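Reader: I have a structure open and would like to go through it with you. Could we begin with the sheet and then turn to the contact between the chains?

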Amino acid sequence: MLYRILTFSLLMATWLIFSGLFDAFHVTLGILSAGFVTWISSDLLFENRTISLSTRLGQALRLAHYLLWLLWQVVLSNIDILKLALSPSGLQKVQPRIVKLQTSLKTDFEKFLLANSITLTPGTITIKILGNDYYVHAISENAANGLDGEMERRIAAIFANTKRGAS
Amino acid sequence: MIYDIVAVILIAAGIVFFLGAAVGLIRFPDFYTRMHAAGKGDTLSSLLVILGFAIHEFRHFDGSGDVIVFLKLLAICAFIMLTSPTSTHALMDAGYEDGIEPVIGEGGENALAETRKTRKKD
């Protein structure tokens with residue numbers, strides 16, 4: 001029940017922001033559609049209902065902290081690209097390679113987060129995920145050496161206390 | 001006033017990163033390295049430009065209409081953060097599946113080559 005209320009509130013907030021109209025007619029429409037979507041598909045947003053709300057909140061806060069760190073990595077990554085693209089000698093530093101990276105992350109969401117994070121950090125893009133193997137395209141040797149598993153540790157730390165039994 | 005300055009700085013920085021992405025797209029040697037420039041350059045530069053718009057909208061923070069526009073722009077930022085790396089990855093994957101051979105630099109290796117061989121046997 002608690003999760004249904006949470007889903008409904010999130011949907012309703014999204015509705016209000018995107019509609020921008022606060023008269024009775026439009027808010028009623030919003031309540032009806034958010035309610036309908038909650039009723040038919042509330043189990044899509046939060047799969048595992050056994051986790052308590054406070055754990056969820058902790059995860060959400062750590063995720064937000066991680067995303068801020070990631071944003072900083074994105075800035076570094078772009079300065080990197082800018083240097084390679086604009087300096088005359090930059091092209092000599094472009095020595096692309098494809099490396100294999102093994103991960104111990106279990107759930108789909110963690111894997112998705114790691115793949116997206118690899119793509120956003122300097123000089124590396126995930127090409128393929130086959131099982132636990134990531135195939136990563138790195139633009140130079142330095143970029144390939146940067147994949148030292150720090151990101152994986154950070155992601156594992158976000159979901160540390162729900163690792164067992166999480167779907 | 002201060003909002004205008006911050007907004008202009010953010011938008012200008014975004015345009016500089018767009019320039020880097022565009023030049024990289026032309027100069028880099030193959031499809032995959034070009035995706036590095038396009039995929040990452042676009043993420044940050046569109047984020048910065050949209051954030052600049054959001055802060056510009058924030059400058060008269062009294063009517064509810066402005067708050068809504070500000071929140072909508074932030075929502076666009078969140079969507080770009082999520083979708084841009086995913087689409088970059090999808091393009092790289094599609095390119096590889098289509099048989100575009102990556103340029104491999106000095107001392108580099110192509111770890112994916114083995115998977116391609118084993119799959120062709122199937």
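**Sheet, contact and core**

Author: In this predicted model, chain A holds an open sheet of 3 strands in the order β1-β3-β2, with antiparallel pairing.

Reader: Which are the edge strands?

Author: They are β1 and β2 of chain A, each of which pairs on one side only. On average, neighbouring strands of this sheet are turned by 25 degrees against each other, direction ignored.

Reader: Over how many bridges do β1(A) and β3(A) pair?

Author: β1(A) and β3(A) are joined over 6 bridges in the antiparallel sense. Tyr135(A) in β3(A) stands opposite Lys100(A).

Reader: What lies across β2 and β3 of chain A?

Author: That is α5(A), which runs at about 150 degrees to β2(A).

Reader: Turning to the domains, how is chain A divided?

Author: Domain 1 of chain A covers 2-41, and domain 2 covers 53-162. Their C-alpha centres lie 34 Å apart.

Reader: And how many residues does the contact take from chain A and from chain B?

Author: Chain A contributes 34 residues and chain B contributes 41 residues. On the side of chain A that touches chain B, at least two residues each come from α1 (2-19), α3 (53-86), β1 (97-102), α5 (108-120), β2 (124-130) and β3 (133-138). Of these, α3(A) gives the most, with 9 residues.

Reader: How many residues of that side are nonpolar, polar and charged?

Author: By class, the side of chain A that touches chain B has 21 nonpolar, 9 polar and 4 charged residues.

Reader: Which residues have the most contacts inside the largest nonpolar core?

Author: They are Ile127(A) and Val136(A), in a core of 41 residues. Helix α2 (residues 31-58) of chain B supplies the largest share of this core, 8 residues.

Reader: Is Leu44(B) buried or exposed, and why?

Author: Leu44(B) counts as buried because it has 28 C-beta neighbours inside 10 Å, where 20 or more are required. Leu44(B) is found in helix α2 of chain B.

Reader: Which residues does Leu44(B) touch?

Author: Beyond residues up to four places away in sequence, Leu44(B) touches Val74(A), Val75(A) and Asn78(A), together with Phe17(B).

Technical notes. Residues numbered from 1 in each chain as written. Chains lettered and ligands numbered in written order. Predicted model: local features only at pLDDT ≥ 70, side-chain atom pairs only at ≥ 80, totals over all residues. Domains from an automatic or database assignment. Contact = placed C-beta atoms within 7 Å. Helix = DSSP H or I, 4+ residues; strand = E, 2+ residues; numbered from the N terminus. Nonpolar A, V, L, I, M, F, W, Y, C, P; charged D, E, K, R; others polar. Core = buried A, V, L, I, M, F, W, Y, C linked by C-beta atoms within 7 Å. Buried ≥ 20, exposed ≤ 12 C-beta atoms within 10 Å, placed from the backbone. Pairing = 2+ DSSP bridges. Axes fitted to C-alpha atoms, helices over the stretch in contact; angles between N-to-C directions.
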